Amino acid sequence: NVFKRIAAILFYIQKIFVYLLQFKQKQAFAIKLFKRQTGKFPHFMKTIFFFICISLCTTYIYAQTNYYAVTKTFNENGYIYQCDVAASKTVTLYNKSNKLLFTTQSYKNTGETFSQTDEGIVLLQYDAWTRAERLSIVNAAFSASEKQRVKGHELIITMCINSDTGKVDEVEFSFMNFGTYATIPISVYRKIETDLKEKVWYIPTEEGKKLNYIYYWWAQEPQ
């Protein structure tokens, strides 16, 4: 009975840690997204996030290789990937050729910065197949053992969509550098990037066509 109780306690501790790990990842991404759209982030919100996340000092120890522990450049066969590790331990992984993801979303004619409203400005026409296709692409990129390794954790994928053609121009990945996605080799992320660019496209709305690009992101656990 004692061993069962200990096992149960450890199980719930693990569940709590997984939840907090995902929260930390998403709040770090939210800060980055807010700064990308507005160019700044309120100091009081940084303070709030700091105290919320101060308990997240525990880290996993993995038997697998951590490919993204520090900021570095991956010179691969035919492509170059950049891994940027922030002070928050958030990894931003992207193709070195990316340009749009470092520019503010703005209107083509005026240069005015685009800001999404609480009601939501629709920039892409809805269709069911694009969602199914992008989820399928991410699922297919991970092997069975890799899916098991990242089980219970979500990967954040960001796309820059061409506002004229609806094609995916750029792809970026975000995760914690002490999390399970840090053990996934660069080839998996490259596969997702190339398949999204080749197999997924959208139909921009009239409002979406006014922008220099359309920013789109989602979080997914590979199944």
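**Helix packing and sheet**

Modeller: In this predicted model, helix α3 (residues 128–141) packs with helix α5 (residues 186–199) at an angle of about 155°, and their axes are 9 Å apart. Angles over 145 degrees count as roughly antiparallel, so α3 is roughly antiparallel to α5.

Colleague: Is the crossing of α3 and α5 left-handed or right-handed?
Modeller: The crossing of these two helices is right-handed.

Colleague: Which residues meet there, α3 against α5?
Modeller: From α3, the residues are W129, E133, R134, I137, V138 and A141. They meet V188, K191, I192, D195, L196 and K199 of α5. By class, this contact has 7 nonpolar and 5 charged residues, with no polar ones.

Colleague: Switching to the sheet: what is the strand order?
Modeller: The sheet is open, with 6 strands in the order β1-β2-β3-β5-β4-β6 and antiparallel pairing. β1 (72–75) and β6 (214–220) are at the edges with a single partner strand each, so one side of each has no neighbour in the sheet. From one strand to the next, the twist averages 20°.

Colleague: How many bridges join β4 to β5?
Modeller: Strand β4 (residues 155–161) and strand β5 (residues 168–176) run antiparallel and are joined by 6 bridges. M159 stands opposite V171 in β5.

Conventions: Residues numbered from 1 in each chain as written. Predicted model: local features only at pLDDT ≥ 70, side-chain atom pairs only at ≥ 80, totals over all residues. Heavy atoms only, no water. Axes fitted to C-alpha atoms, helices over the stretch in contact; angles between N-to-C directions. Helix = DSSP H or I, 4+ residues; strand = E, 2+ residues; numbered from the N terminus. Parallel < 35°, antiparallel > 145°, perpendicular 65-115°, else oblique. Left-handed = near helix turned anticlockwise from the far one by under 90°. Contact = heavy atoms within 4.5 Å. Nonpolar A, V, L, I, M, F, W, Y, C, P; charged D, E, K, R; others polar. Pairing = 2+ DSSP bridges.
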